[in-house]
Amino acid sequence: MAGAVANGAGGGGGVPRPTNPMVTPLLTDLYQFTMAYAYWKAGKHLDRAVFDLYFRKNPFGGEFTIFGGLDECIRFIANFKLTEVEIRFLRSAMPTCEDGFFEYLSSIDCSDVEVYAIPEGSVVFPKVPLMIIEGPVAVIQLLETPFLSLVNYASLVTTNAARHRLVAGKSKNLLEFGLRRAQGPDGGISASRYCYMGGFDATSNVAAGRLFGIPIRGTHSHAFVSSFMGLDDIIDRTLASSDGSNKCEDFVSLVENWLARIKDGSLHGTFGETNLSELAAFTSYALAFPNSFLALVDTYDVMRSGVPNFCAVALALNDMGYKAAGIRLDSGDLAYLSIETRKFFHAIEEEFGFVGFGKMNITASNDLNEETIDALNKQGHEVDAFGIGTYLVTCYAQAALGCVFKLVEINKQPRIKLSEDVTKVSIPCKKRCYRLYGKEGYPLVDIMTGEDEPAPKVGERLLCRHPFNESKRAYVVPQHVEELLKCYWPGNSAKSREELPSINEIRSRCMAYLDRMRPDHMRRLNPTPYKVSVSAKLYDFIHFLWLNEAPVGELQ
């Protein structure tokens, strides 16, 4: 990771600085600072508060979400400190506030903050806290907006990537090509990071490759193909450079011979004269990258020019001791073209005895999304890899996840947020959260309990209740119990801190969790909702507090 190592306040050990220099304490809404001042003015700024960060509804019409952004949240609080320049700006923005408040702001950090979270890359569900943040109320309010900003998009795009992985299947390579369509450079970097976590295999984003160690992939554009005029142009320029001219001439001769043999062989009549400028472009690119030659074949005509030209160059590379990587289709009927291309490759293998040529890689791009991949699967296709950009990184199907940050306890007193919309009623008090597994090894239900309640035990029957619907309840006898929340920032407590995993470890966790879930929860159409519950004791307390806090109307 980029950046220096912080002091490690609040948990021991150094934590690398955020990779994004824009993520500072000022990356928040003004009302967080105005509330902090009001807390300070009232002498409440040190009150011990507990907040839950959670979401209310799964995205994309599905029934699961992948949690992303925790790593960046922990890095943020590890380095949370307002600079003198930032304090001066706040003085100018809040001129009526007393000097003592700014002295207080200059002194604060997150050494007295505790963060408990579900491990990043886990499958998560509505209402269950992704993170529980505990500490001085004024400090925690200053963390609200940055945490929501870091978690909302990260979880949304990781989920989008995971959905693409599920529809494509495990055998296909998924390549993230979204940088040029992302919402700015920061959005592009984040998208590459979290798409990889969500199951993509590589990115075109070179900066993300450097920052996070993500494999990077890329070939050439249509502009590269159309910039060439003919094979003579390659030879003349190579002679002028006096560098490898004999090799170039020999290779060009091989390419021309192979193209002639293909035309005269069993494929005779399937194509006529190919575009020679395209052939020159492929030849030039193969000379530059003989070990990884992958050609974009739809600049002029896929089957009449692009594929035959690619085959001629690939066969010439084989004669030179190299193996071509494959082709990319970026337009047209991808199902039909991939099938016809595969037939062409098999014909080459059969006619010229090139073992394995029929399995040459076919990559498809062109504004792909979850729906188009699903449609290709239903039609039948021969695509080995999908390059996906716009619809993936912009989360075109849903603009935001809608995470919220709600106070659930202050000075050990549970608090509740009420609403006429029951989905917006918060679940009070500091909680513990568990995932209960059944006999077949699949998760059955997530359950929230009060902090002091005993943990569910394997083999013991437990009543699970919907937090707001009295009639929805069920007994569960768990065969395995997983406690979801881990301590990632212990503050001044003596609790041990979970280490931040690498991006590859997070990706592996995500893939393992997707395999662990029951298939009907994960399917695209009409997925079965996953059950989220509370203990009987917490259910009773929620409704007691609800009645206690709700005003009683009066009829006139």
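Me: Which residues does D52 touch, leaving out those up to four places away in sequence?
Reply: This is a predicted model, and in it D52 touches P129, M131, I132, V404, F405, K406, V408, I427 and K431, with residues up to four places away in sequence not counted.

Me: And where is D52 found?
Reply: D52 belongs to strand 1, which covers residues 48-54.

Me: Is D52 buried or exposed?
Reply: D52 has a relative accessible area of 2%, and because buried means under 20% relative accessible area, D52 counts as buried.

Me: Which side chain does the side chain of D52 make a polar contact with?
Reply: The partner is the side chain of K431, and the polar contact is given at 2.6 Å. K431 is also one of the residues that D52 touches.

Me: Moving on to the largest nonpolar core, which residues touch the most other members?
Reply: M131 comes up again here, as L105, M131 and F310 touch the most other members of this core, which has 168 residues. The largest share of the core is supplied by helix 5, residues 137-168, with 17 residues.

Me: What does L105 touch, again not counting residues up to four places away in sequence?
Reply: On that count, L105 touches F33, L82, I87, L90 and L142. There is also another core, lying apart from the largest one, that is made of seven residues, including Y434, V445, C464 and V476.

Me: Now the pockets: how much space lies in the largest pocket, and which residues lie nearest its centre?
Reply: The largest pocket holds about 930 Å³ of space, and its lining is made of 37 residues, of which F177, S204, G218, T219 and R328 lie nearest the centre. Two or more lining residues come from each of strand 6 (173-176), strand 8 (294-296), strand 10 (361-364), strand 11 (385-388) and helix 15 (390-393), and strand 11 gives the largest share, with three residues.

Me: How do the residues of that lining divide into nonpolar, polar and charged?
Reply: The lining of the largest pocket has 13 nonpolar, 17 polar and seven charged residues.

Me: What volume does the second largest pocket have, and which residues lie nearest its centre?
Reply: The second largest pocket has a volume of about 700 Å³, and 25 residues line it, with H466, P529, Y530, K531 and V532 nearest its centre. Strand 15 (443-450), strand 16 (462-465), strand 17 (473-476) and strand 20 (531-535) each give two or more residues to this lining, and the largest share, four residues, is from strand 17. By class, the lining of the second largest pocket consists of twelve nonpolar, five polar and eight charged residues.

Me: Last topic, how many cavities of 30 Å³ or more are there?
Reply: The count is two cavities of 30 Å³ or more, and the largest cavity has about 50 Å³ of space in it.

Me: Which residues line the largest cavity?
Reply: The largest cavity is lined by K247, F251, A286, L287, P290, L317, M320 and Y322, and by class these are seven nonpolar, no polar and one charged. Helix 10 (245-264) and helix 11 (276-288) each provide at least two residues of that lining.

How values were computed. Residues are numbered from 1 along each chain as its sequence is written. This is a predicted model: local features need pLDDT of at least 70, side-chain atom pairs count only at pLDDT 80 or more; totals for chains, interfaces and linings use all residues. Side-chain values use heavy atoms; hydrogens and water are left out. On a 1 Å grid over the protein atoms alone, a cavity is a set of points where a 1.4 Å probe fits but cannot get out, and a pocket is an open set with protein on both sides within 12 Å along at least five of seven lines; lining residues have an atom within 4 Å of a point. Grid points are joined across faces, edges and corners, and a volume is the space filled by probe spheres set on the points. Ala, Val, Leu, Ile, Met, Phe, Trp, Tyr, Cys and Pro count as nonpolar, Asp, Glu, Lys and Arg as charged, and the others, Gly among them, as polar. A nonpolar core is a set of buried Ala, Val, Leu, Ile, Met, Phe, Trp, Tyr and Cys residues joined through side-chain atoms within 4.5 Å. Buried means under 20% relative accessible area, exposed over 50%, partly exposed in between (1.4 Å probe, protein chains only). Contact means heavy atoms within 4.5 Å. A polar contact is a pair of N or O atoms within 3.5 Å; within protein, one must be able to donate a hydrogen and the other to accept it, and residues adjacent in sequence count only if both atoms are side-chain atoms.
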